[in-house]
Amino acid sequence: MSCGKTAAAALVDADGALCHLCYNRHRRPRRLCGRCGQLKRIARNARDGQPDLCDGCYQSPEATCSVCSRVRPCTSRDQQGKPVCATCYQRRRTGEPCARCGKTKPVNTRWPIGPVCMTCYTAVLRSPAECPRCGIVQPLIARGDDGAEVCGPCVGFAADYSCKQCGRAGNPHSRGRCAHCVLAERVNALLAGPDGTVTPQMEPLAAALTDAPSPFRAIQWIKESPNTRLLARLAADGHVLSHELLDELPPSRHQRYIRQLLVHTGILEERHEDLERIPGWLEHELTDKPAAHASLARPFLHWFLLRRARQRAAHRHHPASADRDLRRRVSVALDFLAWMDQRDLVLADLAQEHIDDWITGATSQRRYLIRYFLKWTTSRQLTRELTVPSLPRQEPQDLLDEDDRWPLLQRCLTDDALPTDVRAAGAITLLFGPSTERLCHLTPEHLKFDDKHAHLVLGRHPVLLPPRLAELLRQLAEQPQLRPQLSRVRPGPRWLFPGMVPGKPTSTHGMTQKLNRYGIPVRTARNAALAALAADLPSPILADVTGMHRHTALRWVAYARRDWAEYLAARME
């Protein structure tokens with residue numbers, strides 16, 4: 001009745017017959033496992049003082065495998081009844097040509113079209129369509145005389161693949177129900193409050209999860225993702241969800257994911273998360289710090305650093321991740337206060353020689369960031385006027401050689417073995433050298449296509465794209481999202497490089513690591529691209545095309561014309 005195979009029946013009832021495999025999958029009773037405590041199918045009943053054990057906890061008795069002669073758990077038998085371990089059983093399984101894909105694989109079931117492998121079996125059941133003969137939406141598992149795909153009942157094959165709960169055809173999951181019904185049940189169990197029901201505040205998230213485009217992936221996410229543990233705990237506590245409530249939790253990637261999930265579904269208001277999560281980070285940093293240090297660090301962050309950062313973020317067209325820089329400035333300030341305590345110094349007694357000692361005693365340039373803290377203390381008249389030396393400006397040190405840059409660009413444009421996003425991101429970096437932050441925040445709106453040409457908008461003016469790169473970006477803009485995206489209450493941008501977090505692009509660190517993994521060194525490639533552009537373009541045009549600041553463009557042009565003019569002239573000859 002379920003799989004359509006002809007086999008010995010394990011159960012015959014009013015709904016039809018079930019083979020042993022389908023009975024185990026769909027109808028075998030479930031009880032609480034005595035070891036893991038979960039409601040699962042029981043593989044061994046309780047006896048001799050031993051509790052019920054589920055399929056995951058039960059281990060079959062060990063025996064000598066008749067194929068490999070190793071003593072291992074043997075759950076299968078050969079034709080002579082001798083034990084066979086799972087590894088040897090899989091290796092010795094004979095296959096037949098699949099009637100759908102033509103590949104020789106182990107047969108999962110036999111339909112009117114012939115033997116079908118597991119891959120095709122899953123693909124057909126998860127994509128039911130309207131039968132051209134009877135007009136009913138069902139899995140098309142047969143073919144008519146004209147070769148058109150039809151459903152089983154139209155050719156006398158009465159396999160029922162409809163859900164026993166909602167009647168929807170296809171997408172079978174467990175116990176005769178479809179994946180949509182199973183997903184709805186598990187979402188309600190995940191988001192249940194103290195009274196066992198989903199609270200009105202969590203209903204938008206429940207609706208978004210239930211309506212996920214791929215119910216199987218959503219079920220797997222609920223079952224396996226560690227983020228769902230935190231989400232279930234928040235729902236079970238019954239508190240009104242807010243940013244302040246999440247800020248009280250220890251900072252972690254799970255906390256950040258759940259926050260963005262709640263923002264994405266409209267439960268929480270959207271905010272500039274890179275900045276707003278820094279106060280929570282500071283509170284956890286101050287847990288083991290003296291109270292005097294905390295009384296200085298908090299106003300320094302809130303009234304000086306964050307105030308300026310929020311003003312800049314409100315006017316940026318391309319968001320910048322400022323949280324790392326702000327954390328470093330606060331960390332340097334805390335280190336400086338600890339350094340002062342070791343020398344029995346107070347802010348009012350600071351002199352220029354103390355600042356010089358602090359700077360010269362460093363092994364890196366990190367201590368130069370103390371300028372921000374001292375600027376704030378001076379404005380509050382906590383210290384006298386002190387001078388922090390300017391950070392030594394360095395010229396670009398690592399540039400990708402031109403003999404390596406052009407073959408690498410050719411590889412990005414022509415190598416189909418590379419992922420499409422890697423090819424597109426690598427080619428943009430090698431040609432135009434944008435920052436990784438700007439690259440990750442590209443959307444289809446940054447692409448301009450006309451009858452003959454395609455352009456990419458990185459700054460004020462669009463730049464012409466090579467045809468092959470334009471085709472790669474067109475594919476990224478038009479292809480469906482690889483990861484199932486939840487429905488969003490407020491429309492948001494559709495990213496060319498989507499990330500794991502709903503509604504967010506891939507992170508700059510993730511993009512850099514991915515390109516480096518495929519042999520595209522981001523830093524050296526970007527430096528080489530900017531040096532080549534700066535050698536040919538005036539600084540105003542360079543700034544308008546790439547979107548960089550005009551002062552940065554001036555420095556690049558000065559560097560390129562000083563150090564690259566002779567090199568480029570030699571290459572032209």
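Modeller: In what follows, residues are said to meet, or to be in contact, when their heavy atoms lie within 4.5 Å. The model is a predicted one, and the part examined here is helix α11, which spans residues 278-285.

The partner taken up at the outset is helix α12, residues 291-315. The axes of α11 and α12 are 11 Å apart, and the helices pack at an angle of about 160 degrees. Since angles over 145 degrees count as roughly antiparallel, α11 and α12 are therefore described as roughly antiparallel to each other. In handedness, the crossing of α11 past α12 is right-handed. On the α11 side, the residues that make this contact are I278, P279, L282 and E283. They meet A297, R298, L301, H302 and L306 of α12. Sorted by class, the contact of α11 with α12 comprises 6 nonpolar residues, 1 polar residue and 2 charged residues.

Helix α13, residues 323-342, is another partner of α11. Here the axes come within 11 Å and cross at roughly 30 degrees. An angle under 35 degrees counts as roughly parallel, and α11 and α13 are therefore roughly parallel to each other. The crossing of α11 and α13 is right-handed. From α11, residues I278, W281 and L282 take part, and they meet D323, L326, R327, V330 and S331 in α13. This contact of α11 with α13 divides into 5 nonpolar, 1 polar and 2 charged residues. Read together, the contacts show that I278 and L282 of α11 take part in the packing against α12 and also in the packing against α13. P279 and E283 are listed for the contact with α12, and W281 is listed for the contact with α13.

As to the setting, the protein chain contains 24 helices and 22 strands. Its radius of gyration is 32 Å, whereas a compact globule of 573 residues would have a value near 25 Å. Along the principal axes, the C-alpha atoms of the chain fill a box of roughly 90 × 70 × 55 Å.

Among the sheets, an open one of 3 strands has the order β20-β21-β22, with antiparallel pairing. Its edge strands are β20 and β22, each of which pairs on one side only. From one strand to the next, the twist averages 30 degrees. Strand β20 (residues 447-449) is joined to strand β21 (residues 454-457) by 3 bridges, with F449 having A454 as its bridge partner. These strands form a hairpin, with 4 residues between β20 and β21. Strand β21 also pairs in the antiparallel sense with strand β22 (residues 462-464), over 3 bridges. In that pairing V457 stands opposite P462, and β21 and β22 again form a hairpin with 4 residues between them.

Another open sheet of 3 strands has the order β3-β4-β5, likewise with antiparallel pairing. Strands β3 (30-32) and β5 (53-54) are at its edges with a single partner strand each, so one side of each has no neighbour in the sheet. Strand β4 (residues 39-44) runs antiparallel to β5 and is joined to it by 2 bridges; I42 stands opposite C54 of β5.

Technical notes. Residues numbered from 1 in each chain as written. Predicted model: local features only at pLDDT ≥ 70, side-chain atom pairs only at ≥ 80, totals over all residues. Heavy atoms only, no water. Axes fitted to C-alpha atoms, helices over the stretch in contact; angles between N-to-C directions. Parallel < 35°, antiparallel > 145°, perpendicular 65-115°, else oblique. Left-handed = near helix turned anticlockwise from the far one by under 90°. Nonpolar A, V, L, I, M, F, W, Y, C, P; charged D, E, K, R; others polar. Pairing = 2+ DSSP bridges. Rg over C-alpha atoms; globule rule 2.2 N^0.38 Å.
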